[in-house]
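Biologist: I am new to this structure. Please show it to me, and then I will ask how the labels were decided.

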Amino acid sequence: MSFILSVSDLIPTITTDPVVTNATVPQLELPVPARPRAMPVCGSGRRFNCVVDGDTLWVDGEKIRVANIDAPEVRGRCGRESVLAAEATRRLGHLLDRKPISIRALGSDRFGRTLAVVATPDGDVGEALVRQQLAVRWRGRREPASTLCAG
């Protein structure tokens, strides 16, 4: 079963940055029919179903931040980070494209994005990106440049 959320009035805002654990935030799941959809990389137009970067996406008009991971920034601090960010973005799109998406909201991050565990029938997409070394587990802060820019 797939879960798509509309959380603007339903989920408390989390002021910590940007991932929380299940133990600290109530979870809300709103069932809707599983519906595969195309998930291209977002363009400059209206964002409805697309991938922004390696840890942010839009699903049915809702901006979602993948919980418990930190993906490289598109505007990287070095060339290697930018390359990894582009690959993480493409890979997230591939993991989600035309598959039913399950979203388990944990709250909102400080930017107002829905913070959620995102999965498909193949598993947790955040964990998949970590296994493929395109993201790291969230450690309570943005990864230092040395993590991605060394080597």
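Modeller: The count comes to 2 disulfides, and this is a predicted model.

Biologist: Why is the pair Cys42 and Cys50 called a disulfide?

Modeller: The sulfur atoms of Cys42 and Cys50 are 2.0 Å apart. The cut-off is within 2.5 Å, so the pair counts as a disulfide. The link of Cys42 and Cys50 is right-handed, with 90 degrees about the S-S bond. Both Cys42 and Cys50 are buried.

Biologist: What makes Cys78 and Cys149 a disulfide?

Modeller: Their sulfur atoms lie 2.1 Å apart, and a pair within 2.5 Å is a disulfide, so Cys78 and Cys149 qualify.

Biologist: Why is the disulfide of Cys78 and Cys149 called left-handed?

Modeller: Because the torsion about its S-S bond is about -95 degrees. The pair links distant parts of the chain, 71 residues apart: Cys78 is in the loop between strand S6 (69–70) and H1, and Cys149 is in helix H3 (residues 145–149).

Biologist: Why is Cys149 called partly exposed?

Modeller: The relative accessible area of Cys149 is 26%. Buried means under 20% and exposed over 50%, so Cys149 falls in between.

Biologist: Which residues have the most contacts inside the largest nonpolar core?

Modeller: That core has 24 residues, and those with the most contacts inside it include Met39, Leu57 and Leu96. Helix H1 gives the largest share, 5 residues. Among the residues that Met39 touches are Cys50, Leu57 and Leu96.

Biologist: How much of the chain is buried?

Modeller: Of its 151 residues, 44% count as buried.

Note on methods: Residues are numbered from 1 along each chain as its sequence is written. This is a predicted model: local features need pLDDT of at least 70, side-chain atom pairs count only at pLDDT 80 or more; totals for chains, interfaces and linings use all residues. Side-chain values use heavy atoms; hydrogens and water are left out. A nonpolar core is a set of buried Ala, Val, Leu, Ile, Met, Phe, Trp, Tyr and Cys residues joined through side-chain atoms within 4.5 Å. Buried means under 20% relative accessible area, exposed over 50%, partly exposed in between (1.4 Å probe, protein chains only). Helices (H or I, at least four residues) and strands (E, at least two) are DSSP runs, numbered from the N terminus. Contact means heavy atoms within 4.5 Å. Lists of a residue's contacts leave out its neighbours within four places in sequence.
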